[in-house]
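Here is a short briefing on one protein chain. Look at the fold first, then work through the points below.

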Amino acid sequence: KDSVALRHIILNDNNEKIVVKSSVKMIKNSFSGDIEGVGYFVNILDSYINERIPEIIIDREHEMVALLNIRNETFRVKKCEDTFGEMVDDVSNNYDRVLEIAVEKYISPRDARKFLEKASIDSIIENIEKFGKFDFTVNHIDNGKNRIIKHRYSYLDKELGIVVVTTEDVT
């Protein structure tokens, strides 16, 4: 074999953990005849996350699947069956703003406080550390209809601080 590759976690220039593929390929120097190694790194965080999602969410129907980075408090929607995904893409993925939009557009006023408390970063961390996953239900108002939606949080990768967030209609 003339090459080797490893997948591992490193810190990037912003001091954030990312997943990289480190490869070394052995080649023969055509001038000297020496065997030399050429090494390179490739950031594979997005592909790593995409391959892990099915491991976490198997055979489930979810209205929304998103990734929450609890270290830098960003939120990226991966799947969404309504306009929520488009709206949060417009706020630079800031998690606090995502929560505000959810309360303004979807959460029943009677459950707004409960939602903000349960969906806070501190609450999420505390509960998934304690129970491995964390879920709660709140009332959503959708086109004038009240629906009960389960919000679930579980680690995709604890070391990277990435949490999978899903919603499911349990009305």
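β1 and strand β2 (residues 17–28) pair in the antiparallel sense over 9 bridges. Two strands count as paired if DSSP finds at least two bridges between them. Ser3 stands opposite Lys25 in β2. This is a predicted model: local features need pLDDT of at least 70, side-chain atom pairs count only at pLDDT 80 or more, and totals for chains, interfaces and linings use all residues. Residues are numbered from 1 along each chain as its sequence is written, and side-chain values use heavy atoms, with hydrogens and water left out.

- Lys28 has Ile35 in β3 as its bridge partner.
- β2 and β3 form a hairpin with 6 residues between them. Gly33, in the turn, has a positive phi of about 85°.
- Axes here are lines fitted to C-alpha atoms, for helices over the stretch in contact, and angles run from 0 to 180 degrees between N-to-C directions.

**The whole chain**

- The chain has 5 helices and 8 strands. Helices (H or I, at least four residues) and strands (E, at least two) are DSSP runs, numbered from the N terminus.
- From the N terminus on, the elements run β-β-β-α-β-β-α-α-α-α-β-β-β.
- Of the 171 residues, 40% count as buried. Buried means under 20% relative accessible area, exposed over 50%, and partly exposed in between (1.4 Å probe, protein chains only).
- The chain exposes about 10400 Å², with carbon and sulfur atoms supplying 48% of it. Areas come from the Shrake-Rupley method with a 1.4 Å probe; for residues, only the protein chains shown count as cover.
- Among contacts between residues at least 6 apart in sequence, 38% join residues at least 24 apart. Contact means heavy atoms within 4.5 Å.

**The five-stranded sheet**

- A second topic is the open sheet of 5 strands, ordered β5-β4-β8-β7-β6 with antiparallel pairing. β5 (74–80) and β6 stand at its edges, each with a single partner strand, so one side of each is left without a neighbour in the sheet.
- β6 and strand β7 (residues 145–157) pair in the antiparallel sense over 10 bridges. Lys133 stands opposite Ser154 in β7.
- Helix α5 (residues 121–131) lies across β4 (64–69), β6, β7 and β8 (162–169). α5 runs at about 135° to β6.

**Phe136**

- Phe136 lies in strand β6 (residues 133–142). Phe136 is buried, with a relative accessible area of 5%.
- Leaving aside neighbours within four places in sequence, Phe136 contacts Phe115, Lys118, Ala119, Ile149, Lys150, His151 and Tyr153.
- Phe136 and His151 are 15 residues apart in sequence, yet 5.5 Å apart in space, C-alpha to C-alpha.

**Helix α3**

- The buried residues of α3 (residues 95–105) are Tyr95, Val98, Leu99, Ile101 and Ala102. They cover an arc of only 160° around the axis, which puts them on the same side of α3. The arc is that of the directions from the helix axis to the C-beta atoms.
- Asn94 caps the N-terminal end of α3. A side-chain oxygen of Asn94 lies 3.1 Å from the backbone nitrogen of Asp96.

Methods: Polar contact = N/O pair within 3.5 Å; in protein donor to acceptor, adjacent residues only side chain to side chain.
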